[in-house]
Amino acid sequence: MTTQVKAIIADDHPLFRSALSQAAANYLEEDNIQECYDLASLFSLLETHPETELIFLDLNIPGAKGLQGLTQIRNQYPDILVIMVSATEDAKIINHAMEAGACAYIPKSTSLSNIGKAIEVVIDGDTWLPENLDLEAHPIDNEQTEFAQNLEKLTPQQYKVLAMIADGLLNKQIAYEMSVQETTVKQHVSAILRKLDLNNRTQAGILFNQLSQVDTISAEGFA
């Protein structure tokens, strides 16, 4: 039985987008599924389709920079459910994605029937993970977990400022990029540090950049 849930499949592999659409056919109306191939086109779709309720997000979709794509969606559209999909099956990465706000994590090796089950579970309001996955056996750094969750407290403008801080821009440069006064940027920075419960911008930038380093999560544990 299908629902009227509006969804977007964000993945740069056409074959996997097709497989997801096929798996979702029993639960979502075909006309209610949009597709895109990078993060920029995803946000364009979200602007033109504000009724979207569910996103299938490829962990490594162009423009996403690892888990930064997920946290940006959660920051700007906190009411939209996000199912992560990826060829990466590392338990620590899966754990971190869930802590950052994903409601499910579907490895690309998952069968179509299990993908369908995952969609059904999420639509019913629960979370879904691959069977026999023990996330407690693969804990992630508490500081990084808290940081990722606190990102939802930032306004979209503050999130943009944080991203530019992480890129090494100074307040004057950020003010130029955003066409605002430098005093406004300073106010944003103060609010960012307060909401993230951090002491300085360097620490904020490091933690933000670590979200993009999915290839090092397993090896370094975000140390």
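Mentor: Domain 1 and domain 2 bury about 1,500 Å² between them, and 59% of that area lies on carbon and sulfur atoms. Buried area here is the accessible area, taken with a 1.4 Å probe, that two parts lose on being put together, summed over both. Of the area that domain 1 buries against domain 2, Q68, N75 and H96 supply 37%, more than any other three residues.

A note on the basis of these values is in order. This is a predicted model, in which local features need pLDDT of at least 70 and side-chain atom pairs count only at pLDDT 80 or more, whereas totals for chains, interfaces and linings use all residues. Residues are numbered from 1 along each chain as its sequence is written, and side-chain values use heavy atoms, with hydrogens and water left out.

The domain assignment places domain 1 at 7–124 and domain 2 at 143–217; such bounds come from an automatic or database domain assignment. The C-alpha centres of the two domains lie 25 Å apart. In contact across the boundary are 16 residues of domain 1 and 16 residues of domain 2, contact meaning heavy atoms within 4.5 Å.

A salt bridge requires a side-chain nitrogen of Lys or Arg within 4 Å of a carboxyl oxygen of Asp or Glu. The side chains of R74 and E152 form such a bridge, with an N to O distance of 3.2 Å.

On the side of domain 1 that touches domain 2, α3 (68–76) and α4 (91–99) each supply at least two residues. The largest share of that side, six residues, comes from α3. Helices are DSSP runs of H or I with at least four residues, strands are runs of E with at least two, and both are numbered from the N terminus. By class, the residues on this side of domain 1 comprise four nonpolar, eight polar and four charged. Ala, Val, Leu, Ile, Met, Phe, Trp, Tyr, Cys and Pro count as nonpolar, Asp, Glu, Lys and Arg as charged, and the others, Gly among them, as polar.
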